[in-house]
Amino acid sequence: MSALITNHAATDDMDSIGTGRTILIVDDMPNNISVLYETLTRFKYKVLVARDGKSAIEQAQLAQPDLILLDVMMPGMDGFETCRRLKRADTTQAIPVLFMTALAETIDKVNGFNMGAVDYITKPFQLQEVLARINTHLALRGLQRELQVANALLEQRVAERTESLSKALAEVEQLKNKLQAENTYLREEIKQTSNFEEIVSQSKAFGKVLRQVEQVAPTTTSVLILGESGTGKELLARAVHNRSSRRNKTLVKINCAALPATLIESELFGHEKGAFTGATAQKIGRFELADGGTIFLDEIGEMPIDLQAKLLRVLQEGELERVGGTKTLKVNVRVIAATNRDLDKEISDGRFREDLYYRLNVFPIQSLPLRERKEDIPLLVRHFCTKHGPGIGRQIDVIPPDVIDTLMEYHWPGNIRELENVVERSLIISSGRKLELGDWLRRKQSVPKPTGLITMEEAERNHILAVLEHTRWKVSGKNGAAEILGMIPTTLDSRMKKLGIQRP
């Protein structure tokens with residue numbers, strides 16, 4: 001919209017106020033553009049010109065002017081819509097916009113401010129007013145930028161200080177974790193004061209096992225404890241440690257089957273900060289933690305074959321490096337290992353190193369299954385009643401003979417661990433001071449012995465039952481029935497349902 005620009009001569013005596021900053025003039029009237037262009041360039045502003053809203057938006061995005069003078073009444077896209085789009089775009093929303101208009105209605109000014117404009121210049125306008133308003137808003141814009149820079153510097157300094165404090169806290173946390181870890185193991189050791197801790201037995205056969213513990217404990221010899229799951233291999237390991245000259249040092253335990261293969265090395269030998277993704281701080285490994293004491297490697301048969309060579313080096317040389325580190329560390333650790341696997345078969349199948357086996361198997365101890373020491377069942381039942389009764393709120397004074405007889409007749413595939421679970425469940429359902437045995441014992445699903453020729457389906461059913469008994473009804477996973485039968489677990493489940501085979 002055209003407008004008369006007055007007081008042209010009044011600008012002649014003003015000092016030069018331009019700073020070389022860029023102003024975009026958006027107007028559809030050549031006369032207005034010409035006068036503004038002449039005035040602003042005279043005061044050393046760099047001036048860009050747009051005749052409509054679309055080209056104004058394009059120039060603003062490319063040139064990034066310091067301020068925009070925007071006419072309201074333009075053909076096509078008016079000033080209000082142009083301003084709205086400028087403020088909506090991330091690249092131009094911070095540029096101050098001054099509307100130029102002959103409209104004097106308050107509602108028009110309110111609309112302009114709602115669109116994001118910072119000021120209004122009413123036509124016909126005075127050049128002194130135009131220059132003053134431009135200078136004012138450019139100064140404000142400059143202060144805003146200085147404030148942004150100052151805020152950025154402050155945030156950077158805060159981030160640097162935070163990082164420095166985080167590093168210091170990480171070091172403190174590392175020391176704290178080491179002390180806590182040592183204290184945890186020491187408290188665990190202090191809790192066990194008797195010679196054989198929670199080992200309860202009157203069995204002559206198991207007495208021979210305990211005598212082996214007494215014989216090997218005072219030495220520094222590596223011990224390999226063999227036996228089925230649930231037979232108390234960890235208790236035997238702790239007994240060896242507590243009767244050794246290292247009993248005042250730390251007993252560190254690690255279950256090789258409980259950790260992913262990618263974490264076992266870090267757990268055993270530790271790692272340096274940045275050794276792998278997620279290694280945000282240095283970590284002390286279990287061997288370092290056990291220096292001067294004993295480490296118990298449970299389920300050693302599950303250790304990955306590529307890690308076994310590093311373990312062999314520690315056993316032979318007493319040396320290790322943390323993951324991601326180059327410094328060789330010396331450790332003095334007695335090793336006790338345990339497994340329920342047949343390591344001879346594992347060696348034959350290429351899953352266990354023969355040299356590591358001989359290094360560990362210096363003094364083997366065979367832990368007995370419960371079915372070979374059934375005379376211990378009455379003692380164990382009483383022991384578990386005393387152990388778990390207070391926590392459940394039960395005090396058992398009477399254990400009926402028929403309960404003991406039932407427990408003695410059972411085959412205990414889960415060994416002592418299964419017996420403990422059965423006793424704890426029985427305590428829960430016992431209402432008085434007499435132990436009540438629930439129907440917790442698994443009944444064997446017998447494999448019928450064929451008396452003559454049988455069908456293919458019967459033969460299949462008998463074979464599947466035999467394999468399930470062998471695996472203790474473990475269907476899937478490593479050494480499960482599906483793996484032995486060469487079947488997919490879901491296929492085996494389907495066959496079991498079809499043949500009427502149900503877990504006892």
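**Entry 1: Ser266 and its helix**

I began with Ser266, which I found in helix α8, and I kept in mind throughout that I was reading a predicted model. Is Ser266 buried or exposed? Its relative accessibility is 5%, and because buried means under 20%, I wrote Ser266 down as buried. Setting aside the neighbours within four places in sequence, I noted that Ser266 is in contact with His271, Phe276, Lys283, Gly285 and Val323.

Next I asked how helix α8, residues 261-269, lies against α10, and I found an angle of about 10° with the axes 11 Å apart. That angle makes α8 roughly parallel to α10. I also recorded that α8 passes α10 in a left-handed crossing. On the α8 side the residues that meet the partner are Ile264, Glu265, Leu268 and Phe269, while α10 brings Leu307, Lys310, Leu311 and Val314. Sorted by class, the residues of this contact of α8 with α10 are 6 nonpolar, no polar and 2 charged.

**Entry 2: Arg313**

Staying with α10, I turned to Arg313, which is found in this helix of residues 305-317. Which residues does Arg313 touch, once its neighbours within four places in sequence are left aside? I listed Gly318, Glu319, Glu321 and Thr328 as its contacts. I also looked up the pair Arg313 and Leu356, which are 43 residues apart in sequence, with their C-alpha atoms 9.3 Å apart in space.

**Entry 3: two other helix pairs**

I reminded myself that two packed helices are described by the angle between their axes and the distance between the axes. For helix α6 (residues 204-216) and helix α7 (residues 233-242), the axes come within 8 Å and cross at roughly 35°. The crossing in which α6 passes α7 is right-handed. I wrote down Phe206, Val209, Leu210, Val213 and Val216 in α6, which meet Leu236, Ala239 and Val240 in α7. What classes do the residues of the contact of α6 with α7 fall into? I found 8 nonpolar, no polar and no charged residues there.

I then checked how much of α7 is covered, and found that 8 of its 10 residues are buried. The buried residues of α7 include Leu236, Ala239 and Val240, and among them are also Lys233 and Arg238.

The second pair was helix α2 (residues 53-63) with helix α3 (residues 79-88), whose axes are 9 Å apart and at an angle of about 25°. With that angle, α2 counts as roughly parallel to α3. I noted a right-handed crossing for α2 passing α3. From α2 come Gly53, Ala56, Ile57 and Ala60, and they meet Thr82, Arg85 and Leu86 in α3. By class I recorded 4 nonpolar, 2 polar and 1 charged residues for the contact of α2 with α3.

**Entry 4: two positive phi values**

Most residues other than glycine have a negative phi, and with this in mind I looked up two residues. Lys44 is not a glycine, yet its phi is positive, at about 65°. I placed Lys44 in the loop between α1 (30-42) and β2 (46-50). Trp473 likewise has a positive phi, near 65°, and I located Trp473 in the loop between α16 (456-470) and α17 (481-485).

**Entry 5: cysteines**

How many disulfides does the count come to? A disulfide is a covalent bond between the sulfur atoms of two cysteines. The count came to 0 disulfides. I looked up two cysteines: Cys83 is buried because its relative accessibility is 0%, and Cys256 is buried with a relative accessible area of 2%.

**Entry 6: the chain as a whole**

I ended with the overall figures. The chain has 18 helices and 14 strands, and buried residues make up 42% of its 504 residues. Among contacts between residues at least 6 apart in sequence, I noted that 70% join residues at least 24 apart.

Key: Residues numbered from 1 in each chain as written. Predicted model: local features only at pLDDT ≥ 70, side-chain atom pairs only at ≥ 80, totals over all residues. Heavy atoms only, no water. Helix = DSSP H or I, 4+ residues; strand = E, 2+ residues; numbered from the N terminus. Contact = heavy atoms within 4.5 Å. Disulfide = S-S within 2.5 Å. Buried < 20%, exposed > 50% of the residue type's maximum accessible area, 1.4 Å probe, protein only. Axes fitted to C-alpha atoms, helices over the stretch in contact; angles between N-to-C directions. Left-handed = near helix turned anticlockwise from the far one by under 90°. Nonpolar A, V, L, I, M, F, W, Y, C, P; charged D, E, K, R; others polar. Parallel < 35°, antiparallel > 145°, perpendicular 65-115°, else oblique.
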